[in-house]
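The following exercises concern one protein structure. Please study the sequence and the model before reading each solution.

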Amino acid sequence: MERYYQKEIECAPREEIRKLQDEKLIRQIHHVWDNVPYYRKKMEEKGVTPADIKSVDDISKLPFLSKADLREAYPYGLMGKPLKDCVRIQSTSGTTGKRVVAFYTLKDIDLWEDCCARAIMAAGGTDEDVCQVSYGYGLFTGGPGLNGGSHKVGCLTVPTSSGNTDRQIMFIMDLSTTILCCTPSYAAYLGERMKEMGYGPDDIPLKAGIFGAEAWSEEMRKDIEKTLGIKAYDIYGLTELSGPGVAFGCSAQDGMHINEDHFLPEIIDPETLEVLPEGAQGELVFTALDKEAFPLMRYRTRDICTLSREKCSCGRTHIKMSKPKGRSDDMLIIRGVNVFPSQIETVLLNQGYQSNYQIIVDRVNNTDTLNVEVEMTNEMFTDNVGEIEERQKALVEALRSMLGIRAKVTLVAPKSIARSEGKAVRVIDKRKI
Ligand code: DLL
């Protein structure tokens with residue numbers, strides 16, 4: 001049975017959603033014009049005022065915001081409310097350049113937690129469930145967002161945060177945890193560790209997982225589902241727009257519903273900045289329709305995906321986004337060819353490997369090199385050189401047919417690649433060092 005947290009809006013007729021978006025956009029553009037001088041200046045430069053925005057159709061008149069704007073306005077320059085009304089910040093890990101700091105009023109947190117509650121109920125969650133939140137707590141949005149959503153659903157919430165894997169497993173087994181929230185790479189690691197401890201899918205009390213915060217392939221989903229004996233649901237979000245719950249997977253397990261009453265999506269061509277028609281692949285752009293403290297307009301996520309309004313079997317009417325291929329800045333350009341790490345993952349898992357791999361890119365004699373290091377599973381581990389060479393050759397061929405370029409493949413012993421408790425770092429690009 002499909003469950004909803006806010007059925008009326010999650011399954012509202014399209015015209016109703018559209019009307020709500022029109023109203024909210026008009027209200028929000030006034031809020032931003034009046035309270036965010038940084039964006040007002042951008043609007044003035046483009047010659048647009050709130051009076052020009054009469055409906056969602058006018059959105060393309062507005063200027064974009066990008067990560068560069070966030071850096072320029074750091075830390076307080078994009079705030080939409082005075083400090084006295086803001087009660088929290090969250091922040092990104094800041095691996096590239098300055099951290100993003102996002103602000104929240106109490107109402108912002110309330111709406112964010114509603115979005116996470118929608119995701120948990122779409123994964124079958126009820127107040128009878130034990131929900132273990134193994135995303136990091138603290139500045140990262142994963143822990144706090146799903147913690148709040150879990151409370152709203154009424155689950156017994158187990159705030160383990162990430163790490164301390166054996167303790168995570170102890171709680172899962174002792175408390176009979178039914179819903180696990182963490183990154184897919186950590187879910188894969190927990191599954192691996194539980195298998196080593198002798199637990200099969202039937203011994204594990206979990207029934208669902210809510211996994212996101214990084215790109216992961218369908219093949220990885222199937223792998224995790226099999227090892228843990230669960231149904232794995234995707235969840236998407238970014239700090240700039242609140243955190244997890246901007247979009248979430250449902251029973252159809254085919255794309256994620258965007259919470260369109262709060263976030264207005266567009267797809268653009270990242271080069272020309274032109275808005276693309278529905279169904280075209282491009283960069284996802286969001287306008288936050290309700291956010292008070294950090295009201296971003298037309299924010300360029302750099303995530304590459306497609307949008308679809310096709311009817312969904314779960315009954316929800318909100319638009320769906322496809323699994324993001326990764327950020328446009330995760331895309332590797334190797335000898336002129338665009339390569340997403342998720343494409344490599346798909347090949348590896350299809351060939352029977354697990355998600356323990358690393359991609360090393362370098363430049364030797366002015367030519368880009370791509371080296372994929374992947375662990376053999378325990379079952380395939382051997383010291384027979386001929387057999388290893390055969391396997392490597394098969395992988396080189398499979399990668400070539402997917403990517404159109406030749407990669408070097410190095411098979412390594414099981415357990416030789418570091419496991420991740422949060423977002424996995426899969427790519428080492430030595431060209432940038
Ligand atoms: O990762 C928020 C989050 C926490 C989402 C927990 C889901 C679960 P950031 O650290 O700001 O926020 O990173 C946001 O992560 O722009 C995407 O590139 C990537 N990402 C997030 N969810 C997914 C997903 C959180 N389901 C960035 N699939 C985003 C693919 C994802 N990529």
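This is a predicted model: local features need pLDDT of at least 70, side-chain atom pairs count only at pLDDT 80 or more; totals for chains, interfaces and linings use all residues.

**Exercise 1.** Explain why the radius of gyration of the protein agrees with that of a compact globule.

*Solution.* Begin with the chain length, which is 433 residues.

**Exercise 2.** Classify the aromatic pair formed by Tyr186 and Tyr189.

*Solution.* Eight aromatic pairs are found in the whole structure. For Tyr186 and Tyr189, the ring centres lie 6.1 Å apart and the planes meet at 55°. Planes under 30 degrees apart count as stacked and those over 60 as edge-to-face, so the remaining angles are called tilted. The pair is therefore tilted. Both residues belong to helix α8 (residues 184-196), where they are three residues apart, about one turn of the helix. Tyr186 has 0% relative accessibility and therefore counts as buried.

**Exercise 3.** Describe the aromatic pair of Phe263 and Phe286 and locate both residues in the chain.

*Solution.* The ring centres of Phe263 and Phe286 are 6.3 Å apart, with 75° between the planes, and the pair is edge-to-face. Phe263 lies in strand β10 (residues 263-268) and Phe286 in strand β11 (residues 282-288). The two residues are 23 residues apart, and the pair links distant parts of the chain. Both Phe263 and Phe286 are buried.

Technical notes: Residues are numbered from 1 along each chain as its sequence is written. Side-chain values use heavy atoms; hydrogens and water are left out. The radius of gyration is taken over C-alpha atoms; the globule rule is 2.2 Å times the number of residues to the power 0.38. Rings of Phe, Tyr and Trp (its six-membered ring) pair if their centres lie within 6.5 Å; planes under 30 degrees apart count as stacked, over 60 as edge-to-face and the rest as tilted. Helices (H or I, at least four residues) and strands (E, at least two) are DSSP runs, numbered from the N terminus. Buried means under 20% relative accessible area, exposed over 50%, partly exposed in between (1.4 Å probe, protein chains only).
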